[in-house]
Amino acid sequence: ALADAHGVVDESVQHFAGQYPEFAGLDAPEDYLSAHPLRRQTLFDAAKALGGASAKTFAAKGVELEQALSSGDLPGVLAALLTEKGTPRKFGEKIVGIEGVRDAQELVLRVQAAQLQHAAWGYQQRMARLSRVLLREFSALKRQHGWIDMNDVERAALILLGDPVLSGWVQQRLDASIKHLLIDEFQDTNPLQWQALRAWLSGYAGAGGQAPSVFIVGDPKQSIYRFRRAEPQVFKAAKVFVRDGLDGDLLSCDHTRRNATGVIATVNAVMGEAAQADGYDGFRPHTTSATETGWVCQLPPIPRAARASADDETEAGEWRDSLTTPREIPEETLRTLEARQAAHWIAQQLAPGDEPGLKAADVMVLSRKRAGLLPLQLELRKLHIAAQIGEKTELIDCCEVQDLVALLDVLVSPQHDLSLARVLKSPLLGVSDAALVQLALLQGDSKVPWFYLLQKTELLTPDLCGLAAILLRWKGWLDQLPPHDALQAIYTDGDVLARFAAAAPATQREAVLANLRALLGVALQMSGGRFVTPYAFVRALKAGGVLAPAAVNPLAVRLLTIHGAKGLEAKMVLLLDTD
């Protein structure tokens, strides 16, 4: 890796010199304009031509260009000939000497491109130097603690199997213990792993003797571990090696027993056209033993909001002062809108009809990233449809846990109105929307936190009276007791488990109660439940790593990532985030 970091810098230097040879020997790209008299003269001729134009705006740019040249102001030269987006300004074709203006624009465009490339080269150098330091420190840390990671294991295997002295001894030991070699999911093999494997097996290529039987199974179409450096081309290299080096056979399976004909037709269309255009070859149309016709449909695309123009962005003002001006977040993101659309479509498929329809457990939703599953789970819950994310779920991502965390937040920091609003609306207290609006109107412009307004019972409606006493009692426990003991007291006093169980749909009740009990368990596990502040407890939850208890709901829609769903089946599969 260190050698790669050195090579990156050298390669970037060569790339810059090869792409911009006329800039060789200059301290900076901007010196290119002043390094040759003809280039400066081209710019002065363009300024003269623009200055003599009848249009005032064109003449003004000519004066601006001449002044920038005289003062050596390169940004001024670029601004006179180029727009803010870096494109050539549109000057009238009737200007005398317009060809010279075009030549000048081409000249500064070349300088601008070289500036960007030179800046990228500088960034790349700095990142390469930083990478060397990080890799060196990471290696030292691993040596200090006696740690190894997967990269170390793979590289050690490659060294042992490729070393001219050690490889013979290692191969002899392998021969004595391994007679059959089966590698499944070979499309997920990365080049380093294959080099180590090939270093071992190549010893048998054309040498006779008793080689182990090698059986490799894979499908390049399913190579989805690019983030782990899996490379489909490795599969192609392995096929050639097994056939030519080990005299093996190539067996292709283009027939399936699970997919409906409509699904297979879609796969053939995609892999036969788009994938081959992207460099994947060797695909043969698939067939299926299934008799169901099946169907493939596409939901209407979610329209993207029009991007603001440069003028709109200018009028919007300067940088926002984050201490005084809150950040405005669009309520309806594309992901939320897609989740809402998908949830309503699933509800339509599950709606009872004349014929027996689908059940929630018959539906699987796949997403490239896990972040796309959480909004859909919320939207399905609003429609009273059970949905379960079948992979590891952070405890802090569960709604009922977020309600309790909001309670801890407001009890420690009573000025947090948003957290208090969530607590009031949650099953903990069950305040209506009308009561929350009344509380907001009561606050007005006074900036008095809601927590203190609730204590003024003479101003409140009956459904808000009495809440302050409950919150103050809970606050007293949290101020005096460790988080676990305070939470246990709140659970008992507020009948928390029963309230959430009554509010949760029957299909989600067990998972909700399991998560709430898990929150108590986490509070007890941290430092023995005795020496943790509420803030430290909340920070630990938000930092991640605390998983919700695994619960399998056979009556729920399954929400999975592409990686987590590998090998599973469903009667209906919905793909999110595929445009």
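## Helix packing in a predicted model

Of this protein's 579 residues, 34% count as buried (under 20% relative accessible area, with exposed meaning over 50% and partly exposed in between, for a 1.4 Å probe and protein chains only). The model is predicted, so local features need pLDDT of at least 70 and side-chain atom pairs count only at pLDDT 80 or more, while totals for chains, interfaces and linings use all residues. Residues are numbered from 1 along each chain as its sequence is written, and side-chain values use heavy atoms, leaving out hydrogens and water.

**Overall make-up**

- The protein has 22 helices and eight strands; these are DSSP runs numbered from the N terminus, with helices being H or I of at least four residues and strands E of at least two.
- Among contacts (heavy atoms within 4.5 Å) with a separation of 6 or more, 68% are between residues 24 or more positions apart.

**Helix α20 and its buried face**

- Helix α20 spans residues 496-503, and its buried residues are Val-496, Phe-500 and Ala-501.
- Viewed down the axis of α20, these buried residues fall within an arc of 125°, so they line one face of the helix; the arc is taken from the directions from the helix axis to the C-beta atoms.
- The buried residues of α20 pack against α14 (399-412), α19 (483-494) and α21 (509-525).

**α20 with α21**

- The axes of α20 and α21 are 9 Å apart, and the two helices pack at an angle of about 155°; axes are lines fitted to C-alpha atoms, for helices over the stretch in contact, and angles run from 0 to 180 degrees between N-to-C directions.
- The α20 and α21 crossing is right-handed, a term used if the near helix is turned clockwise from the far one by less than a right angle, and left-handed if anticlockwise.
- On the α20 side the contact is made by Val-496, Leu-497, Phe-500 and Ala-501, and on the α21 side by Arg-509, Val-512, Leu-513, Leu-516 and Arg-517.
- Sorted by class, the contact of α20 with α21 has seven nonpolar, no polar and two charged residues (Ala, Val, Leu, Ile, Met, Phe, Trp, Tyr, Cys and Pro count as nonpolar, Asp, Glu, Lys and Arg as charged, and the others, Gly among them, as polar).

**α19 with α21**

- α19 and α21 have axes that come within 8 Å and cross at roughly 155°, which makes α19 roughly antiparallel to α21.
- From α19, His-484, Leu-487, Gln-488 and Tyr-491 make the contact with Leu-516, Leu-519, Leu-520, Ala-523 and Leu-524 of α21.
- This contact of α19 with α21 divides into seven nonpolar, two polar and no charged residues.

**α18 with α19**

- Helix α18 (residues 467-480) and α19 have axes that come within 9 Å and cross at roughly 160°, so they are roughly antiparallel to each other.
- The crossing of α18 past α19 is right-handed.
- Arg-473, Trp-474, Trp-477 and Leu-478 of α18 meet Ala-486, Ala-489, Ile-490, Asp-493 and Gly-494 of α19.
- Six nonpolar, one polar and two charged residues make up the contact of α18 with α19.

**Two loop residues**

- Ser-413 sits in the loop between α14 and α15 (417-425) and is buried, with a relative accessible area of 5%.
- Ser-413 and Tyr-535 are 122 residues apart along the chain, and their C-alpha atoms are separated by 9.9 Å.
- Asn-553 belongs to the loop between α22 (534-542) and β7 (557-561).
- Leaving aside residues up to four places away in sequence, Asn-553 touches Ala-386, Gln-388 and Thr-507.

Notes:
Parallel < 35°, antiparallel > 145°, perpendicular 65-115°, else oblique.
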